[in-house]
Amino acid sequence: MAQKTIAGVNLEVTDEGYIVDSSQWTEEIAKEIAKEEGIELNDKHFEVIKFIRDNVDAGLTIRKIGKSGIVDIKGFYDLFPGGPLKVSTKIAGIKKPASCI
Amino acid sequence: MKKILILGAGTGGTIMANKLRKSLDREDWDITIVDKHKTHYYQPGFLFIPFGIYNKHDVIKPKANFIPAGVNIIYSDVDKIVGEENKVLLEGGKILNYDFLIVATGTRVDPTETPGLKDELWYKEIFDFYTVDGAVALRDFFETWKGGRLVMSIAELPFKCPVAPLEFVFLADEYFTKAGIRDKVDITYVTPLPGAFTKPIATKMLGNLLKEKNITVIPDFYLESVDNKEKKIKSYDGQEIPFDVLTIVPVNKGDDMIERSGMGDDLNFIPTDKHTLRSEKYENVFVLGDASNIPTSKAGSVVHFAAEVLFDNMMCAIKGRELRAKFDGHANCYIETGFGKGSLIDFNYETEPLPGTYPLPGVGPFGLLQNTKMNHYGKVIFRWIYWHMLLKGKELPIENEMSMAGKKKS
């Protein structure tokens with residue numbers, strides 16, 4: 001664990017940069033983490049981020065986000081290039097999703 | 001007369017039928033088990049068929065051999081569960097009522113979920129080894145193959161027996177070495193995970209082993225489609241990998257019946273309390289094994305450990321008491337690594353696979369995250385244990401809850 005100041009807020013983050021206490025998250029923090037990932041957030045990004053934050057307890061998969069009605073899987077990759085689930089959850093201020101194997 | 005109904009006579013359903021019948025009075029409790037198939041498959045054995053180590057007859061026996069006297073067995077498709085009315089509709093309209101229901105309908109592979117997978121090359125140059133038919137077709141292909149690019153790809157998470165594709169490439173390395181054509185076979189392991197496995201210590205150990213055996217790993221590859229003309233697999237972010245033969249773990253889904261019953265998530269797995277194993281929707285419905293969405297491996301060892309917990313909780317539920325047993329997500333997997341050796345991992349919801357010895361601290365005989373001959377024998381002997389002890393619900397000399405004894409933290 002480490003401390004990090006993002007958008008003027010002092011936050012506890014994991015070694016990989018995921019915010020530990022999801023309730024401290026704000027849209028300003030999201031924008032700054034996104035910037036570090038090389039992403040400029042638009043409305044579509046925020047729609048996906050809201051879906052992710054609302055569905056965090058139900059378990060998140062790329063397939064599930066592809067069925068969200070907001071983006072299809074290809075669109076999800078376009079919004080968050082590289083590992084879309086890893087990147088989007090980091091920006092959404094939740095824990096990195098664990099793969100269960 | 002009260003009724004317990006079990007859907008699915010695979011590993012989990014069969015163990016529960018045996019345990020429950022032994023404990024519950026026949027005068028008071030009627031136990032019925034339903035399955036659409038009459039054959040019980042020893043699924044861990046499928047992996048060995050493509051390499052000619054096992055044949056079809058080593059992995060099949062009649063289900064009826066393992067269901068104890070005093071349990072009704074019905075061979076039928078299930079139409080759906082009507083949880084509000086405590087009943088199950090079978091195909092053809094027959095109705096089964098229950099006081100308690102155990103859903104153990106497992107998971108299956110669905111190649112139609114990936115465009116181009118079940119197409120013109122299916123069982124010609126594209127194979128799964130999660131079905132007997134696929135494993136046998138692949139054996140026939142390998143027997144005369146001259147070499148080329150062998151691509152092992154995993155379509156989606158979660159999938160059954162998460163170490164099987166790793167074991168597959170290790171065994172392929174041995175098989176083609178012994179066939180004298182290893183230099184003509186290029187083996188690539190393609191996974192949607194960020195590495196060979198999910199958890200860091202096991203990923204490092206297995207990653208090193210793959211490297212040693214000259215097997216290329218392509219991580220973070222999320223399969224979109226298969227191009228049969230160009231013989232390539234494509235990912236959602238535009239990566240392409242060419243193949244001469246593609247072996248695939250297709251998308252895994254729960255039974256279609258779960259969807260018809262309105263009880264599943266987007267892959268037809270049933271939302272289940274990960275500690276009590278009770279379905280989140282109905283108080284008197286329990287879910288065992290691969291059919292549930294609990295966050296651990298979909299594997300026989302998990303089912304076996306979970307069955308102990310489920311049995312305790314069923315006994316509580318029957319008496320109207322609070323459920324007191326808690327499943328810890330314990331999984332224990334032998335990993336065949338080729339050339340007569342094997343590795344072993346033992347973990348649960350909280351603890352990642354660690355090195356050490358199992359089951360006795362310092363003694364073993366099995367080595368955790370080590371590559372030994374003894375681990376391989378463990379796997380070989382396990383088939384006998386499975387048919388003769390495990391399915392019948394007999395006690396095995398290992399703990400149901402994961403233990404830290406014998407494990408090294410750093």
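I took accessible areas from the Shrake-Rupley method with a 1.4 Å probe, and for residues only the protein chains shown count as cover. The accessible surface of chain B comes to about 16800 Å², and carbon and sulfur atoms hold 49% of that surface.

I noted that this is a predicted model, in which local features need pLDDT of at least 70 and side-chain atom pairs pLDDT 80 or more, while totals for chains, interfaces and linings use all residues. Residues are numbered from 1 along each chain as its sequence is written, chains are lettered from A and ligands numbered from 1 in written order, and side-chain values use heavy atoms, without hydrogens and water.

I looked up burial next (buried means under 20% relative accessible area, 1.4 Å probe, protein chains only). Of the 410 residues in chain B, 58% are buried.

I checked the dimensions. The C-alpha trace of chain B spans about 65 × 50 × 40 Å along its principal axes.

I then read the domains, whose bounds come from an automatic or database assignment. Chain B has domain 1 (2-106 + 255-318), domain 2 (111-251) and domain 3 (331-390). The C-alpha centres of domain 2 and domain 3 of chain B are 24 Å apart. Contact means heavy atoms within 4.5 Å; 17 residues of domain 2 of chain B contact 18 residues of domain 3 of chain B.

Technical notes
Buried means under 20% relative accessible area, exposed over 50%, partly exposed in between (1.4 Å probe, protein chains only).
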